[in-house]
Amino acid sequence: METTWTTRWRFEIAPRPVKPGVWRLKGGGHLIRGKAKDHRTGKTKTILRALRQASAAEAYRTLQEELDRVRQGMVRQEAARTRFSEFAASLFERKVAKGEIRSAQTRENWEFNLRLHLLPRFGDFYLDAIDKADVEAWLAEQATRVQQRRLSPHTVNNWLRLLREIMNEAVDELDLPKNALAKVRPLDTSMHVTFTEEQPNALTPEEIPHFLAAMRERHPQHLAMTALGFATGWRPSMMRPLRRRGETADVLWDRGVILARRSQTRRDEVMEGTKNLSRFRLAVPDELLRILRWHADHLPAGPMRESDLLFPSTTGGFRSPTALGKPFEDLCAHLKLKKRITPKGMRRTFQDLARRAQVEGLVQRSICGHLTEEMTELYSSVGQDEVRAAIGKVVALAGYRDLLREGCETGCESPKNETGAPEAPRQAVGIK
């Protein structure tokens, strides 16, 4: 029997549906049509598609899936077939545009870690095709390099943290069916000690005067920045953009105040805010202010004197992030220190000095810019003289002095010798 075709919705179809919402198409295949309310907008959305190769059952199933997607606010998942490299690049651009990635150093870290460590392994993968086994295999390879002492586990965990951040965003944006990193654990760092008793990357109070005196003698142009770093625990990136004069000066000489409100990590780019996006002011003592004034008064004529910066380079711009590296190495060799001190050691030394000076924790963090007690502890190294003094206070409260003064035989059972007979009483031990 010949079918009479009718034109509806710009398609030639059979007059009656073969299944609810499914019509045979002239020339083969089926047309699906249905309506559902989009829960995101509250408006009715129409589904209309021609499926030239589908059977009636397949067309009906497709229609129901499309209607469910509309009702649940889902979009078609073609976007999920995005490669990791494409999504990572897009995510990076959006984070920069939204200000979530601010500093030049952070941008460089993203680019470096993606290009050298993540894209070579995961770049060509579709996001929904990355599974836990892929990540664990990659992590096992990095763990082998850690065991060979070619890498630090902290470095690998930083790569893993970036990979996790990207995949978490992909799961949320593309509604991926699973997160491959949900149960992936970072490498254990408990046995990898960065700072040891022999290498704390910190100076003791007795060593600092000699270090600063040697800096004044051998590298006077870096004395003021070093003194400021030990006194405040500030990062070099916070000190390099300090302005000593101008309409927006950060050093208020007449008030004895320094404003910490900028950070410079790469080239001439300055971030308005410190590393943790905080801004604060410090009222500094006269001794430190005089050192800074001496430094400013002795800047050489030319670009350095003309610059508004407190610590300008020879061209009047920002000093290099590595400017203090070689001077610190030179002083370690000159003073014959058995430990290595880097510019980061200024921040660690400050924590130890503040603790020994019994500076209250809240005040200590307000000076150096730490947000949590945990971070302050991470940058601290307890000296053995502190430990000895602390234990001394404990044993004093416990009455050890009286025990030694009176003698152990008082009120105690006499110890026995090898034959089992009591030993002769011993003379009381007193404090000499």
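Analyst: The protein chain has 16 helices and ten strands, where helices (H or I, at least four residues) and strands (E, at least two) are DSSP runs numbered from the N terminus. This is a predicted model, in which local features need pLDDT of at least 70 and side-chain atom pairs count only at pLDDT 80 or more, while totals for chains, interfaces and linings use all residues. Residues are numbered from 1 along each chain as its sequence is written, and side-chain values use heavy atoms, with hydrogens and water left out.

Of the 432 residues in the protein chain, 38% are buried; buried means under 20% relative accessible area, exposed means over 50%, and partly exposed is in between, with a 1.4 Å probe and protein chains only. The accessible surface of the chain comes to about 26200 Å², and 52% of that surface belongs to carbon and sulfur atoms, with areas taken from the Shrake-Rupley method with a 1.4 Å probe, where for residues only the protein chains shown count as cover. Among contacts in the chain with a separation of 6 or more, 59% are between residues 24 or more positions apart, a contact being heavy atoms within 4.5 Å.

The part you ask about is helix H3, residues 104–122, which has a kink of about 45 degrees centred on leucine 114; the bend at a residue is the angle between axes fitted to the seven residues ending there and the seven starting there. Leucine 114 is itself one of the buried residues of H3, and the others are Ala104, Trp110, Asn113, His117, Leu118 and Phe122. The cover over these buried residues includes helix H2 (84–97), helix H4 (132–147) and helix H5 (153–174).

Two packed helices are described by the angle between their axes and the distance between the axes. H3 packs with H5 at an angle of about 75 degrees, and their axes are 10 Å apart; here axes are lines fitted to C-alpha atoms, for helices over the stretch in contact, and angles run from 0 to 180 degrees between N-to-C directions. H3 and H5 are therefore roughly perpendicular to each other, since angles of 65 to 115 degrees count as roughly perpendicular, those under 35 as roughly parallel, those over 145 as roughly antiparallel and the rest as oblique. On the H3 side the contact is made by Trp110, Asn113, Leu114, His117, Leu118 and Phe122, and on the H5 side by Trp159, Leu162, Leu163, Glu165 and Ile166. Sorted by class, the residues of this contact between H3 and H5 are eight nonpolar, two polar and one charged; Ala, Val, Leu, Ile, Met, Phe, Trp, Tyr, Cys and Pro count as nonpolar, Asp, Glu, Lys and Arg as charged, and the others, Gly among them, as polar.

H2, another helix in the cover of H3, also packs with H5, at an angle of about 95 degrees and with the axes 10 Å apart. That angle makes H2 roughly perpendicular to H5. In this pairing, Phe84, Phe87, Ala88, Leu91, Arg94 and Lys95 of H2 meet Leu163, Glu165, Ile166, Met167, Glu169, Ala170, Glu173 and Leu174 of H5. By class, the contact of H2 with H5 consists of nine nonpolar, no polar and five charged residues.

H5 also holds asparagine 157, which counts as buried because its relative accessible area is 10%. Leaving out residues up to four places away in sequence, asparagine 157 touches Pro186, Leu187 and Thr189.

The loops on either side of H5 each deserve a look at their backbone. Most residues other than glycine have a negative phi, and most peptide bonds are trans. Arginine 149, in the loop between H4 and H5, has a positive phi of about 60 degrees although it is not a glycine, and with 77% relative accessibility this arginine counts as exposed. Aspartate 175, in the loop between H5 and helix H6 (208–218), likewise is not a glycine and has a positive phi of about 55 degrees, while its relative accessible area of 44% makes aspartate 175 partly exposed.
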